[in-house]
Amino acid sequence: VRDKESAATELAGNFFSWRSSTTHGRLERKMKEESEANTNSLESLQANLARIKQKRIEAALGRKSKESMRAELQEIFVTWRYEVTQSRWQRQSERSEATIAAMEARLQSGSLAKERQMESVLGMESKKMDLSRQAEVYCSWCCEAARGRLDRETEQRKGEIAAMEARLASSSLAKQEQMDALFGADAKNALTGEVAKFFLTWRCKVVERRLQFETERNQNMISTMAARLSDESKAKQEQLEKLVIFGTKVRTCANSEIAKLLYGWWFEAIHNRMDHERALFEEQLKEQRGQVYEKFRGAFAAKSTMGRMTLYFVEWRKQIILARHQKQVNALEGQVASLQGEIAVQEQAKAEAQAKADAEAKALEVEAEEMSTDAELFSSLDSLRSILDNGDVALVKGSWLIKHTATGAALPRRQDMPTEAFWQPEDTGEFFDRCQDAMQESENNGSAPWLPIMSISWRWLSEEHPDSEAKQLVVLSRVVAAFVSHLRRAKGHLRLLDCAVLLDWVSFYQLPRSRDEETCFQRSMKTVHLWYGHKLVHKVMLKRLPGERKQGQEFLSYGERGWPTFEHTISTMTAPEMVIDLSLLNSNNDMDDWTWKREKDMDDWTAIKKVCSIHSGPMPPIVPDAFNAMLNKKVFTKESDRDIVQARYCEAFKACIGNAEELDLSDLNIGPSQHKAYSAVFPYCGQVRRLQLANNRLGKQGAEDLAKHLCRLESLEMLGLEGNGIGDEGIVLLVDAVHASRQLTELNVDRNQITAVGARCICDILPKCGRLKVLRLGNNNIGDQGAQQIAQRLPEATWIEELHLAGCSIGRPGIQHLVASLPSCTRLTQLVLHTNSLDDVCIQSLSLVLPQCIDLSILDVGHNVFGDPGLTHLSKALPWCTNLKVLDLSGNLISDDGVIRLARALPSGKQLSACLLSSNQIGDVGAKGLAAAIPKLPSLEILYVDGNVLTRNAGYMLQVAWHKAKKPDTCNFRGSTVEAILF
């Protein structure tokens, strides 16, 4: 330090000396140069003046007196000028010398200050000490300090080595005593010890291979049975679909064949009976005629007159009987003819029914194809590409729209637009390819995909032109410019130089139209709902101009018009998150007279999305009948457009709601007054598989209305009713409808104020719901009694895979009943007992049956009241849970002892990916055990030990072990990206 300060002082003195000499030399050179230049210029000036003066005097006066006078004056002027210059140079020299003197004084004062500082620090003797001596003293002091530090570290290492040797010696003694106890005194022999070690190793390997073989055999048997069941279920499903599609046809054919056989049999029976009666009548008539004839002939043979009269009478009687018989025959023949006519009518009806059944079957097939196609129209890129390829609709380039707005002119109709304003077919191919790559990139990153396409919804201010003064265009162009600048700043495939805009005035053919243009326009009207209902297209709505009322302009509002109502309704029904409502930039609450909140928001797309997006979640769908009734109150410029709008909305509703496999009506605050309106949607949802009604206010009345429609949802697989306050009475009304839903696999009734009574109703239908795999009853006050009801029914519902009972106030009695029934649930993969009252005894009971749940992958017993004893028993059961992936033990009373036992048991779980130990009482000793177990867990991705009593060094030790094992810093857990380790 002393050497450095003296060297710095000497260096500073040398620097100031050099600087002063340099400055003084530069000033002297400058003064010398200026003096020489002034002297030369003065001499030349004097010569020129003398010459000019001489010539002028000689030319003008020609007298010597004036010549001598001027020469004298000139000499006086030159002398005065020289004196003035000399005085200026002298003043500059004095100033330079004063500056140099001031700098030297400052340098001297600085050196004096340094000298005083050195004297105060080192003393007066340090000045006399030689520099080499100072260096020698400093080096010897450093060497002594380093030698002392090395000696201390050596002693410390020796102590650690001695402690390790003592620990190893004690461990070896313990091992020796254990071997003596197992194999006797002869185990001390090295040979016997090696034999015992070899035998134990061989035995462990044999047992491990046997267990592995049995596990693989059981898995093969399970997979074979699952495949067989899957094949049988597929065959049954195909047979059922065939019967459903051709049921009408089969029934009609069967009824027609039966009718034909019945009428044929009846016709034959009538004919046979008629023939039999005719023959019998003829025989009776013949017999009667013979008897009468013989009787009259024998009695009145003598009297010819009487005999002749008798013969006449008999003949007359015969004719009467024959006429009556003929009438009967004619009547029977008429009946037969009418029956034949009826049979012909039935055959014709049968043929018509057959043709109708064939037509219905074909229509069902076509409708099924259209349903599968319509469901993809509003989310696929190909549907938009096909519309643009045929030229019915044209998209405007955003850059051209911005340039045109700068001119101040109104937009021309499509027929008058320049060619360069549109995306041409040769450009759209590359544009959609980039969009496809961008969508794939968004899906890979876990973000929502979207397209650089914007559909504009606005008002037509007049029938001739929607925006003749280009006022609306100015607002829209700013939004388009913000979107384009956002695209140019984007990364990856979404970094584009331009966007595509759909604006009805320039994208569709307008009046007057030619025949070909009219054909294209009619085709474009059949797909207009795609542009406003597509889930990947941004929809921008300009409902009113800022300051419109102040300017005295009155037009029909946005909500009073038919087309804007259609565009707004269909946009919010399919994808509300893609709707940009510019009216949300209003600075006051008067929607009829509003201005922008912040003008700069109009130039930032991110700010526009943040302020103008609809954040209320999914919008309530409006059924077609209700929409038509609402549309009857709206105004159309052309009344013929009303039918087009109604037809397109009906198609969009059937495609998006009727064919939707998932219907999310969560967080809509559905109360008693809205039950009927929402219930009207369910008859259209024949294809829905997942119905989510979470966080509403259904209550008992809503549950009753829902139960009436659940039987119609034949494809329903998941029903989410959490957070609706249904209660026990509502559950009683719902269970029968849930039982009727044959395809239901998941039932979620979390947070519904259900008690043991409601739990019993749900459990009663468990044996009847053969497809129900997930049951969520969390955060309901079912208590131990409800847990007992569930446990009694679980052996009859072995197909349950996930059982969620978090926050159900379950204690020892309830867990005892559950433990007794868990071995029967052979397919159980998730058991959630979060936030209950499970103590060490409960965990011990649970640990006894966990080895029998071989498929268990998630065990959540967090936020209970058990500690190290319970965790010790649980650690003994974990090696048997080979498929366990998530273990949640957070929020309990676990300390270092329990964690050390857990760390020893964890390496047996090769598939464990998440271990949550937050908010316990774990210290540095437990953290050390966890750090030792981290390298032995290849699948571990998440380890949470935050909220404990770890020191900074323990956290650093865990982090080093985590990175040394090459674990990730972040991972995907429960649907979101989280940090991999917390301490």
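This is a predicted model: local features need pLDDT of at least 70, side-chain atom pairs count only at pLDDT 80 or more; totals for chains, interfaces and linings use all residues.
**Entry 1: strand β4**

I began with strand β4, residues 538-541. Are its faces covered or open? Both faces are covered. On one side I found H538 and V540, and both are buried.

Next I looked up the partners of β4. Strand β2, residues 453-457, pairs with β4 in the parallel sense. I noted four bridges between β2 and β4. Strand β5, residues 579-581, also pairs with β4 in the parallel sense, over three bridges.

Which residues stand opposite V540? In β5, I580 stands opposite V540.

**Entry 2: the twelve-strand sheet**

I then turned to an open sheet of twelve strands. I wrote down its order: β6-β7-β8-β9-β10-β11-β12-β13-β14-β15-β16-β19. The pairing is parallel. Which strands stand at the edges? They are β6 (662-664) and β19 (981-982). Each has a single partner strand, so one side of each is left without a neighbour in the sheet.

I reminded myself of a general point. Strands of a sheet pair through backbone hydrogen bonds, and the pairing is either parallel or antiparallel.

I picked one pair inside the order. Strand β11 (residues 802-804) and strand β12 (residues 830-832) run parallel. Three bridges join β11 to β12. What is the bridge partner of H804 in β12? It is V832.

**Entry 3: salt bridges**

How many salt bridges does a search of the whole structure find? It finds 16. I looked up some of them.

I started with R642 and E639. Their side chains meet in a salt bridge at 2.5 Å, N to O. R642 is buried, at 12% relative accessible area. E639 is partly exposed, at 49%.

I went on to E661 and R689. Their side chains meet at 3.9 Å, N to O. The cut-off for a salt bridge is within 4 Å, so this pair counts. Where do the two residues lie? E661 is in the loop between α17 (641-658) and β6. R689 is in the loop between α18 (675-679) and β7 (690-692). The pair therefore ties together parts that are 28 residues apart in sequence. E661 is partly exposed, with a relative accessible area of 48%. R689 is partly exposed as well, at 32%. I also noted a network of salt bridges that links E661, R689 and E717.

I then checked E746 and R776. Their side chains meet in a salt bridge of 3.2 Å, N to O. E746 lies in strand β9 (residues 746-748), and R776 lies in strand β10 (residues 774-776). The two are 30 residues apart, and the pair links distant parts of the chain. Is E746 buried or exposed? Its relative accessibility is 13%. Buried means under 20%, so E746 counts as buried. R776 has 21% relative accessibility and counts as partly exposed.

**Entry 4: a charged patch**

Last, I looked at the surface. Which residues gather in a patch of positive charge there? I listed R19, R26, R29 and K30. One of them, K30, is found in helix α1, residues 2-60.

Definitions and conventions:
Residues are numbered from 1 along each chain as its sequence is written. Side-chain values use heavy atoms; hydrogens and water are left out. Buried means under 20% relative accessible area, exposed over 50%, partly exposed in between (1.4 Å probe, protein chains only). Two strands pair if DSSP finds at least two bridges between them. Patches are made of residues with over 30% relative accessible area and no salt bridge: like charges are joined within 9 Å, nonpolar side chains (Val, Leu, Ile, Met, Phe, Trp, Tyr) within 5 Å. Accessible areas come from the Shrake-Rupley method with a 1.4 Å probe; for residues, only the protein chains shown count as cover. Lys and Arg count as positive and Asp and Glu as negative; His and the chain ends are not counted. The place of a charge is taken as NZ of Lys, CZ of Arg, CG of Asp or CD of Glu.
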